[in-house]
Amino acid sequence: MKHAVQQILFFCSLILLFGCQYFKKEPEVVLPPQYDADAVYPMGESAIRTPDGANALDLETPLRCNVNWETQQMLLTLPFNNSFKLVRASRNDPLPRFEVTGFTFETQPAEQALLQLTDEAGIKLVAKDAPYESISGDNLRGEFADVVDMITQAAEIFYTYNAENKVMTLSRRVDLLLFTPHSRPIMLAILDVLRGAGITDMTTNWADYSIMFNADVEVQNNIVNLIEYFKTNPSLVAYDVGIIKIIPNDGCDIEWKNLLDTFDFGTITTAQTGVIGRVLTTTNELSLENLSRFLGRNARIVPVAEGKFVSPNLWLSRFDVGKCGKMRCAESDMSILAKADVSDDNHISSEITLETTQGQVTRFKVRNKLGENFMIIGLPNELFGNEETRSETVIFMVPRIIRTMETTEEIKNNL
């Protein structure tokens with residue numbers, strides 16, 4: 001009797017074991033490759049690093065870091081061929097063709113729902129960074145590829161299929177390749193928008209005007225919208241930027257009120273106060289050259305950087321000062337973010353934010369007419385780790401308008 005009970009318990013255990021494996025089948029989770037445990041990698045201050053001189057090489061520098069302050073074209077019309085194309089940078093084969101009829105599932109992570117579909121199709125599923133968003137589906141039907149698209153789009157994830165190995169890989173991010181029109185201002189605008197979205201690791205090919213970057217679904221959708229923008233609302237604002245550091249000779253504050261005596265009344269049209277610093281809008285009578293001449297009477301002027309960046313209308317763009325500044329310069333840690341809105345009468349409203357790696361420094365809203373400039377004053381250099389007494393950083397900006405003109409109606413977008 002005792003032996004029979006033991007046999008029954010043994011068979012029940014087998015049923016439970018294999019039953020759990022059948023009903024709770026999990027998608028395979030592939031972990032990232034690990035470093036060799038036996039290898040020694042130097043860490044900390046003594047670590048071996050790429051020299052700063054090599055890191056400073058940037059193919060954008062000739063285009064971005066040169067400003068012609070003498071002949072600035074305030075309004076430019078730019079014809080272009082709208083040959084945008086956004087594609088996957090890696091292999092993604094078509095899914096097998098068969099019909100899905102009445103696929104229903106209760107609220108569960110997306111990888112679990114896809115596991116049911118791929119298991120029936122004989123496809124191995126790999127979920128690289130699961131778990132994903134929990135979703136539900138009711139009576140989904142249609143082509144297998146269409147149903148997979150419905151589920152992945154709802155969960156905001158990507159899938160990649162390898163037909164040779166019959167493996168579908170899920171991930172939150174993929175490498176995308178964006179081909180742009182052969183226009184340098186448009187290429188710069190796209191790069192600046194990507195940086196405004198927080199993407200800093202990009203590979204730019206200036207021979208075929210392409211940009212490769214890693215993105216999630218939200219950024220991918222923003223790029224698709226940006227492509228459509230160039231067809232419906234093709235205005236860009238280009239900002240020419242000059243940044244200087246001023247170190248007073250007497251260790252006292254710069255007397256900015258003396259500007260009002262030096263220049264004609266009306267040269268400075270508005271003055272606004274931010275959390276830190278002030279922003280002044282000026283006519284073109286006050287240039288970076290004569291501003292430096294005014295400041296040079298009582299202070300030492302140290303050029304920090306000059307360059308340009310481009311913002312499509314109502315899109316956030318980013319200019320990293322370090323791209324056009326000297327190596328090891330404290331101010332090179334600063335970034336300027338801008339969102340511009342161009343009105344029908346060529347007034348430009350700009351939202352300007354200054355950031356460092358420590359966070360936001362200050363923010364301004366500036367409205368100026370085409371041909372007017374603005375400058376941010378009163379930025380203590382302690383913000384950037386400088387110790388010179390009473391020293392300041394000044395940012396001089398000249399916004400210009402670029403009207404793009406499409407020469408073809410075709411937009412190619414292969415995702």
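Helix α4 (residues 110-120) packs with helix α5 (residues 144-155) at an angle of about 170°, and their axes are 10 Å apart. The two helices are therefore roughly antiparallel to each other, a term for angles over 145 degrees between N-to-C directions. The model is predicted: local features need pLDDT of at least 70, side-chain atom pairs count only at pLDDT 80 or more, and totals for chains, interfaces and linings use all residues. Residues are numbered from 1 along each chain as its sequence is written, and side-chain values use heavy atoms, without hydrogens and water.

| Helix | Residues in contact |
|---|---|
| α4 | Ala-110, Leu-114, Leu-117, Thr-118 |
| α5 | Phe-144, Val-147, Val-148, Ile-151, Thr-152, Ala-155 |

These residues divide into 8 nonpolar, 2 polar and no charged. Ala, Val, Leu, Ile, Met, Phe, Trp, Tyr, Cys and Pro count as nonpolar, Asp, Glu, Lys and Arg as charged, and the others, Gly among them, as polar.

Asp-93 lies in the loop between β2 (85-88) and β3 (99-109). Because its relative accessibility is 17%, Asp-93 counts as buried (under 20% relative accessible area, 1.4 Å probe, protein chains only). Its side chain is joined to that of Arg-91 by a polar contact of 2.9 Å (a pair of N or O atoms within 3.5 Å, one able to donate a hydrogen and the other to accept it). Not counting residues up to four places away in sequence, Asp-93 touches Tyr-161, Asn-162, Ala-163 and Glu-164.

In the protein, buried residues make up 44% of the 415 residues.

Technical notes
Axes fitted to C-alpha atoms, helices over the stretch in contact; angles between N-to-C directions. Helix = DSSP H or I, 4+ residues; strand = E, 2+ residues; numbered from the N terminus. Parallel < 35°, antiparallel > 145°, perpendicular 65-115°, else oblique. Contact = heavy atoms within 4.5 Å. Buried < 20%, exposed > 50% of the residue type's maximum accessible area, 1.4 Å probe, protein only.
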